[in-house]
Amino acid sequence: MKKEKLLAVLRLQATNNVGDILAKKLISTVGDVEQIFKERTTTLQKINGIGSLITTNLFDKKNRILAEEELAYIEKNNTQYSYFLEDNYPSNLSQCIDSPILLFNDGNVALSDKIISIVGTRNISAYGRDFCNQLVADLAEYNPIIISGFAYGIDICAHKAAIKNNLQTIAVLAHGFDQIYPKTHKKYINQVNEKGGFLTEFWHNENPQRENFLKRNRIVAGISKATIIIESAKKGGSLVTADIANSYNRDVFSVPGRTIDLYSQGCNNLIKTNQAHLLTSAEDIVKMLNWDVSKKQTPKQETLFVELNETEQKIYDYLQENGKQLLDVIALHCDLPTYKLASILVQMELKGIVKPLPGKMFEV
């Protein structure tokens, strides 16, 4: 990304009252992030949701100064980053409307299609620790990427289990790279970097504020194919992550426990209210996410013995390349109105080309 464009993205991030959803709306409407700061305020205020307060904040000189300072840090430290409109941005995360417009990474992050998040209580029990270790060990043959939040308890247990089983693990931080929380986990930084790395949306000097952890949770949920909850009380950050994952139409798994155990109550309730799949072993994940398909299926001819028109072929090619997708996401990437796409998908289903899934999802 060119320096001026990155500076414009940073200015947008620094603008008060402009979150990721509104930032994306601005970029989409104006056409380019740099153009936002070249437009007249009267033009910007014609955009729905943009008023005088927003435009005043956009052109606040303080934001440019802060952005220039962060840009200098990025260049000095050769900080890696991914912009939501570029190819190196995590594909799963790009499907989430509120995902960060800019994501920083450190280490050896190399994403694949098998990504799972493991989260849970900081007050881990022997039962939770043993289950987490065994689960990751049993999944190791499928070579998944293990995502978590680098916190006490289940988070660090998941990271350590991944490292022990030679799996890539990625820690999503609630602060900038110049901070580390909790400080006692500083000793694990090199191990995580060797086997994966760190992700954050926060600038280098951002402190681990309480609200940052809630923002962090949407990345943990959005970047993965599935979120696994191992031990949680009735309330807690891991339940927020599960709720976000469900809102993204991702699979959520929950490990059951005894009804009298405080840190199993949240997990049991997720299962009881059908907000999560019951998880008792790695096999549950393998089957639900179809990870065993590649082992059991024999090679077959990919050519379809039905004729597809140009639009149907475009939809088929997209699903073939990206796997199961939401109706709205397919419409966006195939440049089709949702109502029209729904009709076409019905026809493709009748031809035996696509299969509808729960949650308005489709796959080849």
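This is a predicted model: local features need pLDDT of at least 70, side-chain atom pairs count only at pLDDT 80 or more; totals for chains, interfaces and linings use all residues.
**Nonpolar cores**

The largest nonpolar core holds 56 residues, of which Leu 10, Leu 12, Leu 26, Ile 36 and Leu 102 touch the most other members. Helix H1 (residues 3–14) supplies the largest share of this core, seven residues. Apart from this core lies another, of 27 residues, which includes Cys 132, Phe 253, Ala 282 and Leu 289. Leu 26, when residues up to four places away in sequence are not counted, touches Leu 12, Val 18, Gly 31, Ile 36, Leu 44, Ile 47, Ile 50 and Leu 58. In soluble globular proteins, nonpolar side chains tend to be buried together.

**Helix pair H8 and H9**

The axes of these two helices come within 9 Å and cross at roughly 35°, and the crossing is right-handed. The residues that meet are listed by helix below.

| Helix | Range | Residues in the contact |
|---|---|---|
| H8 | residues 126–139 | Gly 128, Arg 129, Cys 132, Asn 133, Val 136 |
| H9 | residues 154–164 | Ile 154, Cys 157, Ala 158, Ala 161, Ala 162 |

By class, the contact of H8 with H9 comprises seven nonpolar residues, two polar and one charged.

**Thr 227**

Strand E7 (residues 226–230) contains Thr 227. Thr 227 counts as buried because its relative accessibility is 0%. Leaving aside neighbours within four places in sequence, its contacts are Ser 117, Val 119, Val 220, Ala 221, Thr 241, Ala 245, Asp 251, Val 252 and Phe 253.

Conventions. Residues are numbered from 1 along each chain as its sequence is written. Side-chain values use heavy atoms; hydrogens and water are left out. Helices (H or I, at least four residues) and strands (E, at least two) are DSSP runs, numbered from the N terminus. Buried means under 20% relative accessible area, exposed over 50%, partly exposed in between (1.4 Å probe, protein chains only). Contact means heavy atoms within 4.5 Å. Axes are lines fitted to C-alpha atoms, for helices over the stretch in contact, and angles run from 0 to 180 degrees between N-to-C directions. A crossing is left-handed if the near helix is turned anticlockwise from the far one by less than a right angle, and right-handed if clockwise. Ala, Val, Leu, Ile, Met, Phe, Trp, Tyr, Cys and Pro count as nonpolar, Asp, Glu, Lys and Arg as charged, and the others, Gly among them, as polar. A nonpolar core is a set of buried Ala, Val, Leu, Ile, Met, Phe, Trp, Tyr and Cys residues joined through side-chain atoms within 4.5 Å.
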